[in-house]
Amino acid sequence: MINMAAEGPQNPLLPVWPEVFIGLFCFGIIFFAFYKKLLPSINKVLEERREAIEGGMEKAEATQAEARQTLESYKEQLAEARHDAARLRQEAKEQGAALIAEMREEGQRQREEIISAGHAQIEADRKQAAELLRQDVGRLATELAGRLVGEALEDHARQSRTIDRFLAELEEKAAAAPSGDAAGAAR
């Protein structure tokens with residue numbers, strides 16, 4: 001410094017060359033130390049960060065793709081479930097219709113059986129009533145004939161023949177009356 005003062009005033013814009021060399025030398029040492037020690041650490045951290053970001057993005061894309069695939073799967077399952085439900089409803093309707101038809105047929109069959117049994121009962125009751133009526137009419141006719149003839153008609157075989165002949169005459173007259181009425185109506 002003393003030397004510098006002896007030389008005279010120095011221009012502040014011009015650097016002192018020894019100081020520039022010393023500064024460049026120190027800068028080189030510090031740069032080399034940073035280049036060897038600090039720069040690889042920084043690059044390593046930056047690379048890890050880049051990989052984490054890219055990995056996160058890839059993971060997010062994979063998760064999003066998986067979510068889309070799961071959504072499509074759920075949609076397919078939902079559509080299949082709706083289809084199955086519609087098929088089950090249709091089968092239930094068909095089974096219900098078949099059951100109703102079967103029950104109607106069973107009801108018709110039972111109705112026919114009841115009607116048939118009713119007709120058979122009516123026919124049996126009619127025959128029984130006709131037989132009772134025949135017996136009563138025969139007994140009354142026998143009593144009446146006995147009073148008219150003046151003798152007792154106690155012979156059972158004779159009574160049966162007389163009653164049968166009397167009832168046959170009544171049936172002939174009854175059968176002739178409707179045909180006679182029809183002939184009279186046709187004139």
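Guide: Helix α2 gives the most to the lining of the second largest pocket, with 5 residues. Helices here are DSSP runs of H or I, at least four residues, and strands are E runs of at least two, numbered from the N terminus. The elements giving two or more residues to this lining are α2 (17-149) and α3. A pocket is an open set of points on a 1 Å grid over the protein atoms alone, where a 1.4 Å probe fits, with protein on both sides within 12 Å along at least five of seven lines; lining residues have an atom within 4 Å of a point.

This is a predicted model: local features need pLDDT of at least 70, side-chain atom pairs count only at pLDDT 80 or more, and totals for chains, interfaces and linings use all residues. Residues are numbered from 1 along each chain as its sequence is written, and side-chain values use heavy atoms, with hydrogens and water left out.

The lining consists of A130, E131, L133, R134, V137, L167, L170 and E171. By class, 5 are nonpolar, 3 are charged and none is polar. Nonpolar covers Ala, Val, Leu, Ile, Met, Phe, Trp, Tyr, Cys and Pro; charged covers Asp, Glu, Lys and Arg; the others, Gly among them, are polar. The pocket volume is about 180 Å³, taken as the space filled by probe spheres set on the points, which are joined across faces, edges and corners.

D164 and R134 are 30 residues apart in sequence, yet their C-alpha atoms are 8.7 Å apart. D164 is found in helix α3, residues 156-186. D164 is partly exposed, at a relative accessible area of 39%. Buried means under 20%, exposed over 50%, and partly exposed in between (1.4 Å probe, protein chains only).

Now the wider chain. The protein chain has 3 helices and 0 strands, running α-α-α from the N terminus. Buried residues make up 4% of its 187 residues.

W17 is exposed at 55% relative accessible area, and F21 is exposed at 54%. Further along, ring pairs link F27, F31 and Y35 into a cluster. Rings of Phe, Tyr and Trp (its six-membered ring) pair if their centres lie within 6.5 Å; planes under 30 degrees apart count as stacked, over 60 as edge-to-face and the rest as tilted.
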